[in-house]
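Dear colleague,

I am passing the structure on to you with this message. Please look through it first, and then read my notes below.

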Amino acid sequence: MIMKKIAFALLLGALGTSTQNAQAETGFQVKDINGKGLQHDALSTSAQSAQAALSFQVEDIEVKGLQRVALGAALTHIPFNVGDNINEFRISQSIKSLYQSGHFNDIRVYRDGNRLVYRVKERETISDIIFDGNSDLKDEQLTESLDGSNIRVGETLDRTVISGIEMGLENFYHSVGKYNAKVTAKITHLPRNRVILEFTFVEGDSASIKQINIVGNEVFSDAEILDKIELSFDSPWWNFMAQDRYQKQALQGDMETINSYYLNRGYLRFKVDSTQVSMTPDKKAVYIALNVSEGETYTISEVDFIGDMAGFENTIRAINPLQADELYNGAEVTYTEEVISKFLGRYGYAYPKVRTIPEVDDENHTVKLSISIDPGKRVYVNRINFTGNHVTADNVLRREMRQMEGAWLSNGVVESSKSWLMRLPYMETVEFETKQIQGEDDLVDIDFTVKEQPSGSFNAGIGYGSETKLSLNAGVQQNNFLGTGNQLGFNVAKNYYQQSATISYTDPYFTVDAISLGGQVYYSEYDAGNANMVDYKNKTFGAGLNWGFPVNEYLRLNFGVGWKFNQISQLQAYDQIQDFYDIYADPNDPDGQLTFKTLDLNAGLSRSTLNRGTFPTAGSSQRFNAKMTSPKSDLQYFKLNYDAKFYFPLTRSQKWSVLTRIQLGYANGYGTVDGNDQLLPFWENFSAGGADTLRGFENNTIGPRAIYRTPQSIPGGCCLGPDNASIYVSPSSVGGNAMAIAGIELIVPTPFLDESYSNSVRTSIFWDAGSVWDTEFNVADYQDLAPNEYEKIVDFSDPTRFRSSVGISIQWLSPMGPMIFSFSKSIREEEGDDTEGFSFNIGKTF
């Protein structure tokens, strides 16, 4: 109360020197228009008579000095009107009210007869707020903090809070060990009563830790304890990750770590008695001492359950890991409470109270644990709300919900709903919050907050290789067409080896039961010679339909049917396809085109437990697909593919993860044609190399190569036998009917990147390996060749002829679509392999 009076006196001190009576009553003196104090009746003997002497009926009220504040707004803070009888007390109340409005720095009141004149000085308006020298605190954090003190651009400046803000910021720096930090606020005046508020930061360095001493420990050595905490001292120069700078919060966290370390080993009475932090005179270093009392180890004598177990007594007892005659373990106790709470949460008991009550027997060093359970009321879901979906329709998100409105709240089902949303390729982050409805203890709303990422992509790529030099491609794909969740693709691509056009559309929820329906129409002209393969051209067009059927939450069956037309031209037949060529080529026009019409039948099985649709960090994705042509097609063959990815998080935050991936493929012909076995069409062969399969190698360069056998002749025109033929092995790949690709990647946080971009940029260190071979190739067919020719033959049926590479990959979800930068180095290659050290692609991510 005394401080309030002092502050009020200071606030009104600008009104001038008061008469003795007025100072006792109000702390100010009303002056006449000329600035002279009004005289009071010397015979007045009481405060009441003095107050009456000053009473008068106000005839006019004038406010001078207004600039930004409107006259009407100022008058609303004056608690009387023209015609009212007023005195000094009511005038003082009006001054208080005007100050409390927050618009004025100075207020003076003058009386001109029965007219009151207020002379005011408005507070300055903040035109701009500038931060200089801050690195530990971001501008956004500072702006948010100032906003809480009503310091923001466009508002009036309250100078009284500036010093407090300076002190608060300096206290923050002190808490992180920067004891020499200084924060200064500077006010620069501008025309029209505006100011620029500039905060200058001199942060300095955090105080280093000279030594950490543990006093009172006997069971565990200093080295054992210090190895468990974050703070350290005397770290070697090369250990740049060491935390040898003092931070108050880090020390508090380390004290909790030490406490948990002892509690988890049975030391129930362990405690940190005191902590001393001593600073050097120059404030550049500190010494830390922790005084501890270890106590004795305690054994669990009994585990009992009390309270209401909601009919799950047997299950709760079965999932309880705590057992009698074991050492007390604090972490195990906490884990038990969490397990029971989560279990009850699965059955609608959203807010159970589970706590462990220890009964300590210090004489026998035992503890009885009584686990108290209060499940509370079963809670039901009233409404599920979504925010942040500016593009995606509400029903698209709602159909992914496993938690239903009106059903009881299950934490496991809500988490599953979150996982399904995260798997959508157009979602970056998904969070949810459960809010109780006011006045209802058994009803909640679930608020999902989503952050969308670009659902469309401009699929393009650019690469540079040792042989093919510069390559380009382009296309467009939309995975959330008009916010419906449907996928629409319209791709027109042209590069140095292919021209293609494709239109595709997929509705993942063609029915409410998540049966999907999709279709595509496509056209392609492919020049294999320009794609690092043997020379031929393939013109293809066709159409297809596909359906998907969910089996359970993670498993899905897919079926498809398609019609396709292939036209092969400019084929230079090589040895491996000579039998195929002899069956289908026209003897009268051996260089003519080959045309085939096929009806493709597809079946697949997919399983996904990935935690995200894009840039997952945990879970797995497996796909198996089988394709075969119908028996009535011009070609009879089948093709099998298996593709799997497994993510293993290494840290709780999942910023570090390991990705392992594998691709397997096998294909062959079936049936006979004119008594000859059907063969796999060579354009259906598998190949490897490039960003999608084996980085560090050119596209489609890994696999068997074409063998050309040229008969030798003698003078006179006679040909020698096949054993005298000359052999030429093409440097270009022809692919094979079997493939195995494997890889492992260490996903790491991207250096020097702001945390807010962690969901849109991924950096990984990879190792790729793969092999493509031909199971139908028989090297024995060439054993009759001359030795110098036979040694040119490579056993293309050998799957152990694999290649491998290592490198670094950076993936970025840009507005145009995913961008991939790969820097790679081949570590196992064969003579003639085309390698590439750098590639850049847009449109696909691992």
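In this predicted model, L557 is partly exposed, with a relative accessible area of 31%, where partly exposed lies between buried, under 20% relative accessible area, and exposed, over 50% (1.4 Å probe, protein chains only). L557 lies in strand β25; helices (H or I, at least four residues) and strands (E, at least two) are DSSP runs, numbered from the N terminus.

L557 also belongs to a nonpolar patch on the surface, which it forms with L545, W547, F549, V551, F559, L605 and F624, and which has about 660 Å² of accessible area together. Such patches are made of residues with over 30% relative accessible area and no salt bridge, with nonpolar side chains (Val, Leu, Ile, Met, Phe, Trp, Tyr) joined within 5 Å and like charges within 9 Å; a salt bridge is a side-chain nitrogen of Lys or Arg within 4 Å of a carboxyl oxygen of Asp or Glu. Accessible areas come from the Shrake-Rupley method with a 1.4 Å probe, and for residues only the protein chains shown count as cover. Strands β24 (537–550) and β25 (555–569) each supply at least two residues of the patch, and the largest share, three residues, comes from β24.

By contrast, V109, in strand β5 (residues 104–112), counts as buried at 5% relative accessibility.

The largest nonpolar core has 31 residues, of which Y536, I568, Y574, F682 and W683 touch the most other members; a nonpolar core is a set of buried Ala, Val, Leu, Ile, Met, Phe, Trp, Tyr and Cys residues joined through side-chain atoms within 4.5 Å. The elements that give two or more residues to this core are α14 (578–584), β26 (594–608), β32 (705–710) and β34 (738–748). Leaving aside neighbours within four places in sequence, Y536 is in contact (heavy atoms within 4.5 Å) with residues including I568, F682 and W683.

As for the whole, the protein chain contains 15 helices and 38 strands, and 41% of its 846 residues count as buried. The chain averages a pLDDT (the predictor's confidence in each residue, from 0 to 100) of 83, and 87% of the residues score at least 70. Over residues 1–29, however, the pLDDT is below 50.

Residues are numbered from 1 along each chain as its sequence is written. Local features need pLDDT of at least 70 and side-chain atom pairs count only at pLDDT 80 or more, while totals for chains, interfaces and linings use all residues, and side-chain values use heavy atoms, with hydrogens and water left out.

With kind regards
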